Amino acid sequence: MHEISVKDLQASPVKMIADDWALLTAGNPSDFNTMTVSWGGVGELWGRDVVFVFVRPQRYTREFMEKYDRFTLSFFDGGCKTEMGVCGSKSGRDIDKCAETGLKPVAFGDAVSFETAKTVFVCKKLAKWDLTPDGFLDPSIAANYTAEDYHRMYVGEIEHVYRCD
Ligand SMILES: Cc1cc2nc3c(=O)[nH]c(=O)nc-3n(C[C@H](O)[C@H](O)[C@H](O)COP(=O)(O)O)c2cc1C
């Protein structure tokens, strides 16, 4: 893997997240959890390159997002959908996701990604907010929250982007 600038990404970040999905992994090499995400964004805020990720309260990964400063987003160029299906439907509270999927964790400094990832963002938490329904201007958005499990949005500074071509 070699480091690139986020501005040199060849793929659309919208496609990377919405269609190809990503693994959001929080924690360090000795204590981490990962889950699949397909909502989020990449952009610019406070003069920094950032990602936005959205994590519901019941996710085990959220405990790691709260506990640790860094997280990664790992992208697989449309591959690893079976593995991401497992990581997106089962909880790390109940299974060992690496053992179940064969995903092999790799340390990126204090953070963790996986051997088969094609693009890895290493991010540092900058801010977080809980979504609240009074902010929904389009009433149809509420249909995403029938259990009132409003996402917590985390803004992460993209510290490094690694790409395997
Ligand atoms: C394609 C896909 C996208 C998902 N996107 C999100 C997301 O953006 N935010 C979220 O909170 N959960 C999302 N999920 C659900 C979590 O990945 C899922 O609940 C997972 O089992 C949580 O694992 P954990 O309890 O180990 O954290 C998604 C699931 C799938 C299959």
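Predicted model: local features only at pLDDT ≥ 70, side-chain atom pairs only at ≥ 80, totals over all residues.

Biologist: Why is Asp94 called exposed?

Modeller: Asp94 has 9 C-beta neighbours inside 10 Å, and the limit for an exposed residue is 12 or fewer, so Asp94 counts as exposed. Asp94 is found in the loop between helix H3 (81–87) and helix H4 (97–101), and although Asp94 and Tyr60 are 34 residues apart in sequence, they are 9.7 Å apart in space, C-alpha to C-alpha.

Biologist: Which residues come nearest to the ligand?

Modeller: There are 19 residues around the ligand, and Tyr60, Thr61, Gly88, Ser91 and Gly92 come nearest. Strand E3 (31–37), strand E5 (48–55) and helix H2 (60–67) are the elements that give two or more residues to this shell, with E3 giving the most, 4 residues. By class, the shell around the ligand holds 7 nonpolar, 8 polar and 4 charged residues.

Biologist: How do you know that the buried residues of H2 line one face of the helix?

Modeller: The buried residues in H2 are Thr61, Phe64 and Met65. Seen down the axis of H2, they fall within an arc of 105°, so they line one face of the helix. In general, an α-helix has 3.6 residues a turn, so residues three or four places apart point the same way. In this model, the buried residues of H2 pack against strand E2 (22–28), E3, E5, strand E6 (70–75) and strand E10 (152–163).

Biologist: What makes the size of the protein agree with that of a compact globule?

Modeller: For 165 residues, a compact globule would have a radius of gyration near 15 Å, and because the protein has 15 Å, the two agree. Along its principal axes, the C-alpha trace spans about 45 × 40 × 30 Å, and buried residues make up 32% of the 165 residues.

Biologist: Which members of the largest nonpolar core touch the most other members?

Modeller: Of the 35 residues in that core, Ala22, Leu24, Leu73 and Phe121 touch the most other members. Leaving aside its neighbours within four places in sequence, Leu73 is in contact with Ala22, Leu24, Val51, Phe121 and Cys123.

Conventions: Residues numbered from 1 in each chain as written. Near = placed C-beta within 6 Å. Nonpolar A, V, L, I, M, F, W, Y, C, P; charged D, E, K, R; others polar. Rg over C-alpha atoms; globule rule 2.2 N^0.38 Å. Buried ≥ 20, exposed ≤ 12 C-beta atoms within 10 Å, placed from the backbone. Arc of directions from axis to C-beta. Contact = placed C-beta atoms within 7 Å. Core = buried A, V, L, I, M, F, W, Y, C linked by C-beta atoms within 7 Å.
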